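Subject: Structure for your review

Dear colleague,

Please find below the structure that I am handing over to you. My notes on what was found in it follow directly after.

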Amino acid sequence: VLRPGGMALAGGGFGRDAPDALIERYLQQSHELNRRLGKRVLGEKELEALLARAGLTRQVAGVSRAHGLWVTLRKAPAGSPA
């Protein structure tokens, strides 16, 4: 739940600021751990469909594919059109 004007970042991966050397060092371990945990990997189309089903399409402020897949959501400020 976001307050009016609030923002959320959701996704998975190492994140855009992760150094390539760190990713190279831990990539295999990360894939193995995620596999053991049953983590599901979403593609961009699946993410878009998930957001649409949740009624969040209008709140998407951006999608980043830098070292993973991340979505930024913003709730309109109070008094603004949703």
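Histidine 67 counts as partly exposed because its relative accessibility is 31%, where buried means under 20% relative accessible area, exposed over 50%, and partly exposed in between (1.4 Å probe, protein chains only). Histidine 67 sits in the loop between S2 and S3. Its phi is near 55°, a positive value in a residue other than glycine. For context, most residues other than glycine have a negative phi.

Please note that this is a predicted model, in which local features need pLDDT of at least 70 and side-chain atom pairs count only at pLDDT 80 or more, while totals for chains, interfaces and linings use all residues. Residues are numbered from 1 along each chain as its sequence is written, and side-chain values use heavy atoms, with hydrogens and water left out.

Overall composition

The chain has two helices and three strands, and from the N terminus on the elements run β-α-α-β-β. Helices (H or I, at least four residues) and strands (E, at least two) are DSSP runs, numbered from the N terminus.

The sheet

The three strands form an open sheet in the order S1-S3-S2, with antiparallel pairing; two strands pair if DSSP finds at least two bridges between them. S1 (7–13) and S2 stand at the edges with a single partner strand each, so one side of each is left without a neighbour in the sheet. On average, neighbouring strands of this sheet are turned by 10° against each other, direction ignored. Axes here are lines fitted to C-alpha atoms, for helices over the stretch in contact, and angles run from 0 to 180 degrees between N-to-C directions.

Strand S2 (residues 60–64) runs antiparallel to strand S3 (residues 68–74), and four bridges join them. Glycine 62 has threonine 72 in S3 as its bridge partner, and serine 64 stands opposite tryptophan 70 in S3. Three residues lie between the strands of this hairpin.

The helices

Helix H1 (residues 20–37) has 18 residues and reaches 24 Å from its first C-alpha to its last, close to the 26 Å expected at 1.5 Å a residue. That expected span is 1.5 Å times one less than the number of residues. H1 has a kink of about 50°, centred on tyrosine 26; the bend at a residue is the angle between axes fitted to the seven residues ending there and the seven starting there. Just after H1, glycine 38 takes a positive phi of about 80°.

Helix H2 (residues 44–53) lies across S2 and S3 and runs at about 25° to S3.

Overall dimensions and the segment after S3

The radius of gyration of the chain is 15 Å, whereas a compact globule of 82 residues would have one near 12 Å. This radius is taken over C-alpha atoms, and the globule rule is 2.2 Å times the number of residues to the power 0.38. Along its principal axes, the C-alpha trace spans about 50 × 25 × 20 Å. Buried residues make up 12% of the 82 residues.

Of the contacts (heavy atoms within 4.5 Å) between residues at least 6 apart in sequence, 60% join residues at least 24 apart. Alanine 76 lies in the segment after S3, and its C-alpha atom is separated by 7.6 Å from that of glycine 6, 70 residues apart along the chain. Alanine 76 counts as partly exposed, at 28% relative accessibility.

Yours sincerely
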